[in-house]
Amino acid sequence: MPSLRCFHHIRVYAVIATVWLGIIPLRGQTPNQPQGPPPVPQAPVIVQKTTLFSVQGVLSFPAEARAAAISRRITEIAKDVSFKPEQLSITDIEGSTDITANDLVVMSVTDQDAKFAKQTRQELAKEYEQLIRSAVISLRRTHSLKALLQ
């Protein structure tokens with residue numbers, strides 16, 4: 001029958017083997033975790049308390065400022081009664097695709113936006129154009145219900 005001393009040696013060897021194989025991290029070490037790219041800061045474009053989509057920052061225009069500017073422009077074109085929502089258009093220029101309302105650039109869709117969304121710039125711009133058009137129509141309905149009630 002094996003002695004207690006023999007079991008002690010077996011246990012010590014088992015601990016040494018698991019530490020050596022990396023199964024149990026040593027004190028102060030953390031298990032290996034996959035290192036991915038850091039998350040890209042984004043901010044929501046919000047109109048009437050509804051998030052239309054999110055954008056990331058570009059160059060010296062942080063995500064929050066860019067999203068707020070787009071939200072403000074959408075609200076502005078909705079208030080312009082001479083603007084018809086079907087007049088929103090998409091124009092490709094070098095490095096971006098602009099969504100415009102008459103002469104106002106509502107937003108520019110960049111290569112970086114498209115890459116992040118895993119779409120082409122034109123596909124993403126078309127998607128955003130439709131969301132913006134719907135938001136303008138919705139804003140106008142809301143404002144015309146409130147105007148009628150006053």
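Among contacts in this protein between residues at least 6 apart in sequence, 49% join residues at least 24 apart. Contact here means heavy atoms within 4.5 Å. Before going on, the basis: this is a predicted model, in which local features need pLDDT of at least 70 and side-chain atom pairs count only at pLDDT 80 or more, while totals for chains, interfaces and linings use all residues. Residues are numbered from 1 along each chain as its sequence is written, and side-chain values use heavy atoms, with hydrogens and water left out.

First, the layout. The protein has 4 helices and 5 strands. Starting at the N terminus, the order of elements is α-β-β-α-β-β-β-α-α. Helices (H or I, at least four residues) and strands (E, at least two) are DSSP runs, numbered from the N terminus. Of the 150 residues in the protein, 27% are buried. For these words the cut-offs are: buried is under 20% relative accessible area, exposed is over 50%, and partly exposed is in between, with a 1.4 Å probe and protein chains only. The protein exposes about 10,800 Å², and carbon and sulfur atoms supply 60% of that area. Accessible areas come from the Shrake-Rupley method with a 1.4 Å probe, and for residues only the protein chains shown count as cover.

Next, the sheet. Strands β3, β4 and β5 form an open sheet of 3 strands in the order β3-β4-β5, with antiparallel pairing. Two strands pair if DSSP finds at least two bridges between them. β3 (88-93) and β5 are the edge strands, each pairing on one side only. Neighbouring strands of this sheet are turned by 25° against each other on average, direction ignored. Helix α2 packs on the sheet and touches β3, β4 and β5; its direction makes about 140° with that of β5. Axes are lines fitted to C-alpha atoms, for helices over the stretch in contact, and angles run from 0 to 180 degrees between N-to-C directions.

Within that sheet, β4 and β5 run antiparallel and are joined by 6 bridges. T97 stands opposite V109 in β5, and the bridge partner of T100 in β5 is V105. The hairpin of β4 and β5 has 2 residues between the strands, and in this hairpin N102 takes a positive phi near 55°.

Now the core. In soluble globular proteins, nonpolar side chains tend to be buried together. A nonpolar core is a set of buried Ala, Val, Leu, Ile, Met, Phe, Trp, Tyr and Cys residues joined through side-chain atoms within 4.5 Å. The largest one here has 26 residues, and those with the most contacts inside it are F53, I74, M107 and I132. Two or more residues come from each of β1 (42-47), β2 (50-56), α2 (63-79), β4 (96-101), β5 (104-110) and α4 (121-149). Helix α4 gives the most, with 7 residues. Leaving aside residues up to four places away in sequence, I132 touches F53, I74, I77, L88, I99, V106 and M107.

How many aromatic pairs does the structure hold? It holds 1. Rings of Phe, Tyr and Trp (its six-membered ring) pair if their centres lie within 6.5 Å; planes under 30 degrees apart count as stacked, over 60 as edge-to-face and the rest as tilted. The rings of F53 and Y128 have centres 3.8 Å apart and planes at 10°, so this pair is stacked. F53 lies in strand β2 and Y128 in helix α4, so the pair ties together parts that are 75 residues apart in sequence. F53 is buried, with a relative accessible area of 7%, and Y128 is buried, with a relative accessible area of 7%.

Last, some loop residues. Most residues other than glycine have a negative phi, and most peptide bonds are trans. Q48 is not a glycine, yet has a positive phi of about 55°. This residue lies in the loop between β1 and β2. Is Q48 buried, partly exposed or exposed? Q48 is partly exposed, at a relative accessible area of 34%. K49 is also found in the loop between β1 and β2, and has a positive phi of about 60° although it is not a glycine. K49 is exposed, with a relative accessible area of 85%.

E86 sits in the loop between α2 and β3 and is exposed, with a relative accessible area of 57%.
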